[in-house]
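Here are a few exercises to work through with the model open beside you. Try each task before reading its solution.

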Amino acid sequence: DRRVTELKFSHDGKQLAIGVRTVLVWDVASGRELHRWRHDILVNSLQFSRDDQRLVAGFYDGLVKMWELAKYPRERIFQGHKDQVNGLALSLNGRILVSAGTDRVRMWEVDSQLQLTSLSPSLAQFFTECVLSQDGRTLAVADFEGPITLWSMDSFQRVGTLSGHNETVDDLDFSSDGNTLVSVSKTQFRIWRAASFAETDARKNR
């Protein structure tokens with residue numbers, strides 16, 4: 001099966017990960033293949049860690065795998081989702097993995113591969129994407145019906161809801177300053193402005 005289901009550049013732009021039934025990592029400058037991992041199920045999501053030393057893949061069967069991009073990469077497996085994994089995010093220190101599936105949003109401790117907690121942002125029970133702010137303190141989660149919920153990574157509590165999309169949100173991303181969130185659906189492109197935790201903390205200390 002040669003159908004490419006997911007593409008993701010590393011943060012430094014030097015590597016490109018490609019998802020089919022195999023996960024491939026290429027060196028962008030030379031076009032040389034660096035890594036290859038086979039899985040019988042199609043890849044549905046990919047994410048590099050902030051330091052580009054790890055790659056995470058979510059599959060249509062609910063499995064999540066992580067590889068360290070060293071000479072002899074170690075493979076970690078995270079099991080818990082019942083169906084396709086649509087979004088992935090890694091904390092700044094790489095210790096917490098977030099996966100958004102069709103059932104719940106789950107948070108994992110990377111080293112032990114154990115689930116820390118799970119979130120149920122809405123009654124939709126089908127989550128399409130998740131992304132962390134640049135400071136790593138805010139998690140944005142989109143669901144099938146359009147609402148976007150914001151969560152504190154310190155407390156795992158909901159801190160806000162963004163309503164406006166009336167259709168499935170397909171992609172999310174924070175700006176580099178962490179104060180702007182962009183969301184995209186089939187017919188809509190929205191830009192949201194909200195105070196970051198840093199701004200909120202500064203106001204509290206005045």
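Helices (H or I, at least four residues) and strands (E, at least two) are DSSP runs, numbered from the N terminus. The model is a predicted one: local features need pLDDT of at least 70, side-chain atom pairs count only at pLDDT 80 or more, and totals for chains, interfaces and linings use all residues. Residues are numbered from 1 along each chain as its sequence is written, and side-chain values use heavy atoms, with hydrogens and water left out.

**Exercise 1. Get an overview of the protein chain.**

Step 1: start with secondary structure. The protein chain has one helix and 19 strands.

Step 2: look at burial. Buried means under 20% relative accessible area, exposed over 50%, and partly exposed in between (1.4 Å probe, protein chains only). Of the 206 residues, 50% count as buried.

Step 3: Using Shrake-Rupley areas with a 1.4 Å probe, where for residues only the protein chains shown count as cover, the protein chain exposes about 10500 Å². Carbon and sulfur atoms supply 47% of that area.

Step 4: check the contacts (heavy atoms within 4.5 Å). Among those with a separation of 6 or more, 35% are between residues 24 or more positions apart.

**Exercise 2. Trace the salt bridges around Glu 68.**

Step 1: apply the rule. A salt bridge is a side-chain nitrogen of Lys or Arg within 4 Å of a carboxyl oxygen of Asp or Glu. That gives six salt bridges.

Step 2: take the Arg 54 side. Arg 54 and Glu 68 form a salt bridge at 3.9 Å, N to O. This pair links distant parts of the chain, 14 residues apart: Arg 54 sits in strand β6 (residues 54–59) and Glu 68 in strand β7 (residues 64–68).

Step 3: take the other side. Glu 68 also bridges to Arg 76, at 2.8 Å, N to O.

Step 4: Arg 54 is buried at 18% relative accessibility, and Arg 76 is buried at 3%. Glu 68 is partly exposed at 24%.

Step 5: look at another bridge. Asp 103 and Arg 106 have their closest N and O atoms 3.1 Å apart; Asp 103 is buried at 11%, as is Arg 106 at 10%. Through shared partners, salt bridges join Arg 54, Glu 68, Arg 76 and Asp 111 into one network.

**Exercise 3. Describe the surroundings of Gln 188.**

Step 1: locate Gln 188. It lies in the loop between β18 (180–185) and β19 (189–193).

Step 2: Gln 188 counts as buried, at 18% relative accessible area.

Step 3: list its partners. Leaving aside neighbours within four places in sequence, Gln 188 contacts Gly 164, His 165, Asn 166, Glu 167 and Ser 183.
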